[in-house]
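Hi everyone, thanks for coming. Please have a look at the sequence and the model on the screen, and then I'll walk you through them.

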Number of protein chains: 2
Amino acid sequence: MTNIPAASIGDNWENIDTPALVVDLDNLEHNLTTMAIYAKQHNVRLRPHSKSHKCPAIAHQQMALGAVGVCCQKVSEAQVMVSHGILDVLVSNQVIGRTKLERLAALALQAKITVCVDDLTNIQEMNEAAKLFNATINVLVEVNVGSGRCGVLPQEPVLALAKAIRQSENLNFSGLQAYHGGAQHIRSYEGRRRAILQATYQVEQTLKLLTMHDIECDVVGGGGTGTYIFEATSGIYNELQVGSYVFMDHDYALNLNDQGQQNNEFKQSLFVKAAVLSKPESNRCVLDAGLKAYATDSGFPVVYGIENAEVLSAADEHTNIRFDSTLPVPNLG
Amino acid sequence: MTNIPAASIGDNWENIDTPALVVDLDNLEHNLTTMAIYAKQHNVRLRPHSKSHKCPAIAHQQMALGAVGVCCQKVSEAQVMVSHGILDVLVSNQVIGRTKLERLAALALQAKITVCVDDLTNIQEMNEAAKLFNATINVLVEVNVGSGRCGVLPQEPVLALAKAIRQSENLNFSGLQAYHGGAQHIRSYEGRRRAILQATYQVEQTLKLLTMHDIECDVVGGGGTGTYIFEATSGIYNELQVGSYVFMDHDYALNLNDQGQQNNEFKQSLFVKAAVLSKPESNRCVLDAGLKAYATDSGFPVVYGIENAEVLSAADEHTNIRFDSTLPVPNLG
C-alpha cells in the first residue's frame with residue numbers, strides 16, 4: 001500500500017494516472033537506431049552515456065544496436081549495469097576515496113571497467129584498491145578541453161599522469177577522456193563546431209606528445225548529443241559518449257543545425273503526463289505536476305503540442321499555465 | 001546489488017558515502033518542538049504539511065508533540081501516511097478524476113480524510129465516489145487569498161460551493177482552505193504581515209457571509225513557515241499548515257524578522273554531504289554532488305559553514321566551486 005504505480009504494462013494512455021513520466025517507445029527506438037547507424041557509418045565506437053536513462057533495459061537495446069558498452073557517472077550506477085549484464089562500463093568521472101575505489105576494483109573482476117583520473121594520488125590509491133582485489137582497472141586521463149570542470153590541462157600534465165598509470169601494476173592506461181560539456185548547448189552550429197575544433201586540436205597535440213613517448217591511446221572519448229557530429233568526423237576521437245539523444249530534451253532541440261534550423265534528427269521521447277487540477281480563470285489553469293515531477297535546471301517545462309500555452313510559475317505539485325486568448329483552456333482532468 | 005545505501009544506522013559521519021542526504025536530528029527536534037510549543041501557546045491547531053519530509057516517522061514525531069494530523073499534497077502520499085498509522089489527513093489540494101477520488105473515498109473508511117475543492121463538478125464526482133464506498137469525506141473550500149494558483153474568489157463563490165457540499169449526502173463541509181503561498185518568501189516582515197492581513201480580511205468577510213447563511217466553519221486553515229505567526233495571531237485562522245520549518249531551507253532563512261534580521265528560530269536540519277572529486281585549479285574544486293542530488297528551484301545550493309565559497313555551475317553529478325583566495329581549497333575526498 002506504499003507505492004501505487006501510475007500505470008501497468010498494456011494500459012491505455014487514458015488510464016495512466018497523473019503525474020506520470022511516460023516514454024514514447026517509437027520515438028525512443030527511432031533515436032537509438034539513428035545514433036547507432038550514424039556511429040557505424042562514421043566508423044566510431046558508440047558508448048552511450050546511461051545517466052540519461054539509468055535503465056539496464058535501454059542499455060541492452062543500445063548494446064544490441066552495436067554499442068561497445070555504456071558510460072556511467074557513478075560507481076553505484078556501474079554496479080547496477082554490471083549486475084544486469086552490461087559487461088563493459090566506463091565510469092566517465094573521477095572515483096575518489098577508498099570505499100568507492102574498492103567497489104570499483106571488485107566490479108573489475110566481473111566486467112571490463114574503465115574510469116577517468118586527473119590526480120596522481122588518486123592513481124596511487126586506485127592501484128592499491130585494484131591490487132587488493134587482484135583486478136585490473138582501465139584508466140583514461142581526463143583532459144580539460146574547454147569545459148573548465150574536472151580534468152588536467154592538455155599535453156605535459158596528461159603525459160605525467162599517463163606515465164604514472166603505466167607504472168601502476170594493476171592499472172591499464174587506455175587513453176583520453178576529452179568531453180567538452182560546455183560546448184553541448186551552444187545554440188549556433190558554427191559555435192559548437194569551433195569549440196570542438198579547438199578541443200580536437202588540443203587532443204591531437206597531446207596525442208603527438210604521448211606518441212613521442214611511445215604511449216598509445218586505445219580510446220579517445222568525448223562527444224555529446226550537441227556536438228557528436230564534430231567529434232565523429234574529427235579523425236581524432238574514436239568513441240562517442242552521447243546520452244541525451246535517447247530522450248532528446250527540449251533544450252537540446254533548440255540547438256541550430258548548419259541550415260540555421262532546429263535539429264530534428266532526434267525526437268523527444270520522454271514526457272510528463274499531467275492533468276488539469278483547477279481552472280480558476282478563463283485563460284488560466286493549474287496542472288497536477290510540479291517541481292517534484294520535472295527538472296527546471298533548463299527552465300520551466302514546455303506544454304507539448306499546445307503553442308502559446310505559457311508556464312507562469314511552478315510549485316511542488318502545481319504548474320500554473322496561461323493560455324493565449326485564442327486557445328480553449330482544457331477541462332478539469 | 002542494485003541499491004547500496006550511503007550509510008547504515010550508527011555509522012560515523014566520516015563513513016557516510018557521498019553524495020548523501022543527511023539529517024541533523026538535534027536541529028530537526030529543535031524545529032519540531034519550537035513549532036509545537038508556538039502553536040500550543042497561541043491556541044491554534046497544528047497540522048504540519050508532510051510534503052517537506054514525506055516520512056511517516058517524522059509525522060509520528062509531530063503527532064506526539066500535539067499535531068492534530070498532517071497535510072499531504074497528493075492522495076498517494078495520504079495513502080502512505082494512513083497505512084503507517086497517521087489517521088487524520090488533509091489532502092491540501094484538489095483531487096480530480098474518478099481513479100483518485102475512489103482511492104480517496106476508500107481511504108476515508110480507514111481515517112479522517114479532508115480535501116480541498118474549488119469546482120462544482122468536482123464536488124458532485126467526489127460525492128458519488130464517497131457514496132460508492134459508503135464513506136464520508138470532509139471538504140474545505142479553497143479560497144484564493146492572493147496566491148493566484150487554485151481556489152475560488154472570496155465570499156459569494158465560496159458560499160456557492162459550501163452550499164453544494166452541504167447538499168451532498170456523503171460530504172461534510174468542514175471550512176476554508178486559505179493558504180497564501182505567494183506570501184511565504186516575501187523578504188520583509190512588513191510585506192509578509194500585510195499580505196496575510198489582506199488574506200485574513202478576505203477570509204473574515206467570507207466567514208461573515210457564511211454565518212449569515214447559518215454555515216459554520218470548523219477549520220480555517222493556512223499558514224506556511226514564512227507567515228505562520230501572522231495567521232496564528234489573526235484571530236481568524238485556527239489551523240496552521242506549516243511544512244518547511246522541519247528542515248528549514250536556506251531560502252526561508254533569508255526572510256527578515258521584525259528587527260530586519262534573518263530569522264533563526266528554526267535551524268537548517270537537512271544537508272547534502274558531498275566530497276571533493278577534483279581540484280583542477282588552486283582556487284577551484286569540483287564536488288561529487290550535482291543536479292541529481294539537490295534542487296535548484298531556489299538557486300544553487302550554498303556551501304555550509306564556508307563563507308565565500310561560491311558555486312559557479314552545476315551539472316548532473318558535479319558542482320563547480322570557486323574559493324575566495326583567502327580560503328584553502330579542501331583536498332580530494
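Let me begin with a term: two strands count as paired if DSSP finds at least two bridges between them. Helices (H or I, at least four residues) and strands (E, at least two) are themselves DSSP runs, numbered from the N terminus.

Some housekeeping before we go in. This is a predicted model, in which local features need pLDDT of at least 70, side-chain atom pairs count only at pLDDT 80 or more, and totals for chains, interfaces and linings use all residues. Residues are numbered from 1 along each chain as its sequence is written, while chains are lettered from A and ligands numbered from 1 in the order in which they are written.

Now, chain A as a whole. Its C-alpha atoms fill a box of roughly 70 × 50 × 35 Å along the principal axes, and it holds nine helices and 14 strands. Chain A is split into domain 1 (1–22 + 274–333) and domain 2 (25–253); the bounds come from an automatic or database domain assignment. Between the centres of these two domains, taken over C-alpha atoms, there are 36 Å.

How much of chain A is buried? Of its 333 residues, 44% are. By buried I mean that 20 or more other C-beta atoms lie within 10 Å of a residue's own; exposed means 12 or fewer, partly exposed is in between, and the C-beta atoms are placed from the backbone.

Let's zoom in on strand β5 of chain A, residues 112–117. Five of its six residues are buried, so to speak mostly covered. On one side, β5(A) pairs with β4(A), residues 88–91, in the parallel sense over four bridges, and D88(A) stands opposite K112(A). Right-handed here means that, with the strands pointing away from the viewer, the path from the first strand over the helix to the second runs clockwise.

β5(A) also runs parallel to β6(A), residues 137–142, again with four bridges. There, C116(A) has L140(A) as its bridge partner. The chain crosses from β5(A) through α5(A) to β6(A), and that crossover is right-handed too.

Over in chain B, we can follow a sheet from edge to edge. Eight strands form an open, parallel sheet in the order β2-β9-β8-β7-β6-β5-β4-β3. β2(B) (45–46) and β3(B) (70–72) each have a single partner strand, so one side of each has no neighbour in the sheet. Three bridges join β3(B) to β4(B), in parallel, with C71(B) opposite L90(B).

Finally, how do the chains meet? The contact takes 41 residues from chain A and 41 residues from chain B, where contact means C-beta atoms, placed from the backbone, within 7 Å. On chain A's side, α3 (75–83), α5 (120–132), β11 (276–281) and β14 (318–323) give two or more residues each. The largest share, four residues, comes from α3(A).

And how are the copies related?

Methods. Contact = placed C-beta atoms within 7 Å.
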